[in-house]
Every structure is written in C-alpha cells, then in structure tokens.
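Have a go with the viewer open before you read each solution.

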Amino acid sequence: MKRIITYISLVAIISSFTIQSGIDDVVDAMKAGNYNEVAKFFDTNVEISMPDKSNSYSRSQAALVLKDFFTTNSIKGFDIIHKGENGGSQYCIGTLKSKNGTYRTTIFMKQKADVQVLQELRFENR
C-alpha cells in the first residue's frame, strides 16, 4: 500500500512539471520572439486573434501567420501579468513588446493526452 501511494505521488509531481513546462516554454519563446518554438506547441487547429484579423488556422497556417506577425513587429520581449490553471487547461496573460508598440497577449493551452497544446493566441493593441 505504501508503494502505491508513493508511486501515485511521484506520478502526480512529475506530471505537474510536464504540464507547467508547456506554458513556460511558450512564454520563453514569446520573450525571445521565436515563432518556431511557439509553433511546436500548436494544436491541430489554432485560433489566432490580432488587431487586424482573427481566424482559426491549421497548425501550418498558424505558424505562417505567427511568423509574419513576429517578423513585421520585431519582438522585443514579453512580460507576464498573470498565469493560471483550470482543470488541465493553462493560460497566461502578458504584454508583448515590439518595435511597433505593445500588445496585451493571451495564451491558452489545453492538456491533450500527455502533452499541453496551444489552442489560442490573442494579441490586442494596448
């Protein structure tokens, strides 16, 4: 019985680090302006909202849209305002700094099988 409790506790601790690392990796990639690293976490379909357009894109289309946005805006950094978790989903609200201004940015990730996938990115003018 003691082994089972120990095993369950260990699995819970390891899985919490795995879940947390997904959003942290995306935040680090946003800070660096690295669209390729962000795109690695994209779900099959990704909702991207920007000041001038909003749509649901396939993984490959979303990568191109994000690449264009990051290239056009020349990302300078990302500051976290708030980060949270709700039932296996994670979100982060922050400020994306670019040469063209700042954007209030929302990142929404969801647990699918054993990985966190990015399902929604929102960039709003500040």
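**The sheet**

Six strands make up an open sheet with mixed pairing, in the order β2-β1-β6-β5-β4-β3. Strands here are DSSP E runs of at least two residues, helices are H or I runs of at least four, and both are numbered from the N terminus; two strands pair if DSSP finds at least two bridges between them. The edge strands, each pairing on one side only, are β2 and β3 (75-86). This is a predicted model, where local features need pLDDT of at least 70, side-chain atom pairs count only at pLDDT 80 or more, and totals for chains, interfaces and linings use all residues. Residues are numbered from 1 along each chain as its sequence is written, and side-chain values use heavy atoms, with hydrogens and water left out.

**Exercise 1**

Work out how β1 connects to β2.

*Solution.* 
- Start with direction: β1 and β2 (residues 54-58) run antiparallel, joined by five bridges.
- Now check the pairs: V46 has Y57 as its bridge partner in β2, and E47 sits opposite S56.

**Exercise 2**

*Solution.* 
- Locate S49 first: it belongs to strand β1 (residues 42-49).
- Then apply the cut-offs: buried means under 20% relative accessible area, exposed over 50%, partly exposed in between (1.4 Å probe, protein chains only).
- S49 has 16% relative accessibility, so it counts as buried.
- Finally, list contacts (heavy atoms within 4.5 Å): beyond neighbours within four places in sequence, S49 touches S54, L121, R122 and F123.
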